[in-house]
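Here is a briefing on aromatic contacts. Look at the rings as you read.

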Amino acid sequence: MPYFLAAKSEALNLANRTSEALEAIKEAEAAVERSGERWWCAELHRLRAVFLAAMGAEDAQIVASFCEAIRIAREQKSVSLEKRAEATYAEYRRQKASGLEGRGFRLPLW
Amino acid sequence: MQAALYLTVTRGFAAPEARTCYERVESLAHSLNRPLLLYSALTSQWRYSLWTDKLSATMQIAERVYSIAQKQNDARLMMGAYRILASTLYFLGDFEASRQYAVRGLEIWRSGAIHRQVEEVSAPAVNCLCFNALTEWHFGEIACSRTTIAEAIPVAKELNDMPALAVALFFAAHLAHVEGNCAEVERLASDLIELATRQNFALGYLSEPFF
């Protein structure tokens, strides 16, 4: 279920419905809590960071989500998910340093 | 047991009618002292639990299946138990342990020790290939993952196991999706929907919204 909700959130974000995308992520996290299904957890945190950045949320919130995504991917030894989270975080920092945030962050869904 | 298997395939993995059948089979298997039947009943309960319960509860059933398989010292049961452990651990996010069990299941299958399958919803060998491919992807072994998942589809066809073919197509599409290969996702999803429609699988209803 969390995986399908993550896919739904990506689709909502692509349709410029980012706040609904974030809701889908919250729903996915609730499903993780209920079921213990943690295999796509790192991606849920990475996507939350992407959506928060697109909505212009606080930097601390965005960074915390990226860090959690990286931590979980490392804990689960998922090299692929760790690389994704690190690459997206690096792109976020690059755009922030370039002063692009005023136009809204555009980070890769993947 | 047959009724339960058909209910599972046509009404979905969480069909409550199927659970009633499995529980009845478990009690009969105990009273008749039929370990093979008990294995099948528990395997089916595991599948139901995977869709409806907390994974910690599912893991307990998986461990019971493994324990029965060990006691029987039967390669078919051991391969099935490894498949069950590999998938439960995968969904729990323990990719390393998942891979170990998937590989052990494949070792049994490749050794040629299995001449006849135990009645299952889908062939454990195909599931082991799928979970091996999924874990390879997580470990960054992308080329190996592609090779492994590509093997799962012809194996399912060779076994003439349509539910296993649906599983292989589903996970192949999932891997294509995580790699961002839209054309491949579309091709596999189309094959899966066609198969599910032709075979009247409930699996089609699960996968359609995803694709």
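Ring pairs join Tyr3(A), Phe4(A), Trp39(A), Trp40(A), Tyr90(B), Phe91(B), Phe95(B), Phe131(B), Trp137(B), Phe170(B) and Phe171(B) into a cluster. Rings of Phe, Tyr and Trp (its six-membered ring) pair if their centres lie within 6.5 Å; planes under 30 degrees apart are stacked, over 60 edge-to-face, the rest tilted. The model is predicted: local features need pLDDT of at least 70, side-chain atom pairs count only at pLDDT 80 or more, and totals for chains, interfaces and linings use all residues. Residues are numbered from 1 along each chain as its sequence is written, chains are lettered from A and ligands numbered from 1 in the order written, and side-chain values use heavy atoms, without hydrogens and water.

**A pair between chains**
- Over all chains, the structure holds 20 aromatic pairs.
- One of them is Phe4(A) with Phe170(B), tilted, at 6.4 Å centre to centre and 55° between the planes.
- Phe4(A) lies in helix α1 (residues 2–14) of chain A and Phe170(B) in helix α9 (residues 162–178) of chain B, so this pair joins two chains. Helices here are DSSP runs (H or I, at least four residues), numbered from the N terminus.
- Phe4(A) is partly exposed, at 23% relative accessible area.
- Phe170(B) is buried, at 12%. Buried means under 20% relative accessible area, exposed over 50%, partly exposed in between (1.4 Å probe, protein chains only).

**A pair within chain B**
- Tyr90(B) and Phe131(B) pair edge-to-face, 5.5 Å centre to centre, with 65° between the planes.
- Tyr90(B) lies in helix α5 (residues 75–92) and Phe131(B) in helix α7 (residues 124–138), so the pair ties together parts 41 residues apart in sequence.
- Both Tyr90(B) and Phe131(B) are buried.
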